[in-house]
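Me: I am learning to read a protein model and would like to go through one part of it with you, step by step.
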Amino acid sequence: DRPVLITAPHNIYLCRDGHETHMMEEYTTLIAQRMATQLSGSCLTWSRPEQYRSELLWFFGCRRLALGQVSEAGAMLDHRNRDPNYLLQEEVASNLWFKQMTAASDRFQSG
């Protein structure tokens, strides 16, 4: 009987250093929640307010791109919200997403 943590970091638009913005994957939250339920586990996703904020920033960036005010739509995104798959090793410990994963792991271990 081991604890299970299902993560869905791609439910918001995410910055990727030196790469195009990672587009939001619309159903990852629902999939992660249902998998966690089926496995009697836990689920880690970005909150609905953060999803909404990310969507607003993305569409604001698209508008500014269309007006020629920025060079890419992702320019308006919160650059603290980065794709965890694109972090440098030295960034992992200070990254908000990995801090939440660590906190979940600590809760599992403490009972």
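Me: Which residues of helix 1 are buried?

Reply: This is a predicted model, in which local features need pLDDT of at least 70 and side-chain atom pairs count only at pLDDT 80 or more, while totals for chains, interfaces and linings use all residues. Residues are numbered from 1 along each chain as its sequence is written, and side-chain values use heavy atoms, with hydrogens and water left out. Helices (H or I, at least four residues) and strands (E, at least two) are DSSP runs, numbered from the N terminus, and buried means under 20% relative accessible area, exposed over 50% and partly exposed in between, with a 1.4 Å probe and protein chains only. In helix 1, which spans residues 28-38, the buried ones are Thr-28, Thr-29, Ala-32 and Ala-36.

Me: Why do the buried residues line one face of helix 1?

Reply: An α-helix has 3.6 residues a turn, so residues three or four places apart point the same way. Taking the directions from the helix axis to the C-beta atoms, the buried residues of helix 1 line one face because, seen down the axis, they fall within an arc of 100°.

Me: What covers the buried residues of helix 1?

Reply: On the other side of helix 1, Arg-34, Thr-37 and Gln-38 are exposed. For the buried residues, where contact means heavy atoms within 4.5 Å, the cover includes strand 1 (5-8), strand 2 (42-45) and helix 2 (48-66).

Me: Is His-19 buried or partly exposed?

Reply: His-19 has its place in the loop between strand 1 and helix 1. Because its relative accessibility is 48%, His-19 counts as partly exposed.
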